[in-house]
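Q: I have a structure here that I've never looked at before. Can you walk me through it?

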Amino acid sequence: VSTQSTGEEKMINPTLENRNATWVNNPYALFLYTMIVCFVRMLFWMFSLPTVDAWTILNLSHNVVTWFLFHWLLGAPFAQENKRHIEKMTLWEQIDNGEQFTPSKKFLTIIPILLFLVTVYYETRKFFILLNVISLAVVVISKLPWAHGLRLFDINKVQ
């Protein structure tokens with residue numbers, strides 16, 4: 001059995017060796033992702049930010065940053081020979097060749113949900129609870145299978 005990839009396989013599987021999308025399958029990368037979230041939360045604690053504000057800021061900023069990186073940016077930042085196949089795809093669409101409900105995609109879906117649950121546990125202000133609900137809804141809806149390749153009102157659509 002040959003383990004080398006051929007040019008034909010790259011045409012069939014455009015995300016083969018796509019460093020932009022394969023990092024999420026590395027357990028150390030997911031661990032690092034989790035540690036970065038924890039580190040940011042600890043920074044808020046070190047600067048004596050009130051708990052309720054710290055969780056709200058962490059949740060909202062996490063959702064904005066990850067939505068932008070996973071669901072808005074198109075293509076791959078690394079120069080690749082197969083780039084033209086993925087230049088119209090978001091990072092989320094590239095991960096695991098677009099297959100839904102893989103372990104890495106489940107992990108990346110659970111993190112914002114857990115952050116939301118912790119945040120609303122502490123949050124008592126209705127306006128900020130609403131902001132957290134809206135940000136969670138936007139992030140999670142963007143990850144659903146029916147949203148794969150969807151560009152609302154043709155915004156962010158490559159011609």
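A: Here is a quick tour, from the overall fold down to single residues.

A: This is a predicted model, where local features need pLDDT of at least 70, side-chain atom pairs count only at pLDDT 80 or more, and totals for chains, interfaces and linings use all residues. Residues are numbered from 1 along each chain as its sequence is written, and side-chain values use heavy atoms, with hydrogens and water left out.

Q: How many helices and strands does the protein chain have?
A: Eight helices and zero strands. Both are DSSP runs numbered from the N terminus: helices are H or I with at least four residues, strands are E with at least two. Along the sequence the pattern reads α-α-α-α-α-α-α-α.

Q: What share of the residues is buried?
A: Of the 159 residues in the protein chain, 37% are buried. Buried means under 20% relative accessible area, exposed means over 50%, and partly exposed is in between (1.4 Å probe, protein chains only).

Q: Now helix 4 and helix 8. What is the angle where they pack?
A: About 25°, with the axes 10 Å apart. That makes helix 4 roughly parallel to helix 8. Axes are lines fitted to C-alpha atoms, for helices over the stretch in contact, and angles run from 0 to 180 degrees between N-to-C directions. Under 35 degrees counts as roughly parallel, over 145 as roughly antiparallel, 65 to 115 as roughly perpendicular, and the rest as oblique.

Q: Which residues meet there?
A: From helix 4, they include N63, W67 and F70. From helix 8, L131, S135 and V139 are among them. Contact means heavy atoms within 4.5 Å.

Q: New topic. How many salt bridges does the structure hold?
A: Two. A salt bridge is a side-chain nitrogen of Lys or Arg within 4 Å of a carboxyl oxygen of Asp or Glu. One joins R125 and D53, at 2.8 Å from N to O. R125 is in the loop between helix 7 and helix 8 and D53 is in helix 4, so this pair ties together parts that are 72 residues apart in sequence.

Q: And which residue forms the salt bridge with R125 at 2.7 Å?
A: E123, going by the closest N and O atoms.

Q: Is E123 buried or exposed?
A: Buried, with a relative accessible area of 3%. R125 is partly exposed at 32%, and D53 is partly exposed at 24%.

Q: What about R41, where is that?
A: In helix 3, residues 27–46. R41 is buried yet has no salt bridge. The nearest side chain of opposite charge is D53, 10 Å away. Lys and Arg count as positive, Asp and Glu as negative; His and the chain ends are not counted.

Q: So what does R41 touch?
A: Leaving aside neighbours within four places in sequence, R41 is in contact with T51, A54, W55 and L58.

Q: Last one: where does L108 lie?
A: In helix 7, residues 103–122. L108 is buried, at 2% relative accessible area. Not counting residues up to four places away in sequence, its contacts include V24, Y33, F70 and W92. V24 is 84 residues from L108 in sequence, and their C-alpha atoms are 8.8 Å apart.
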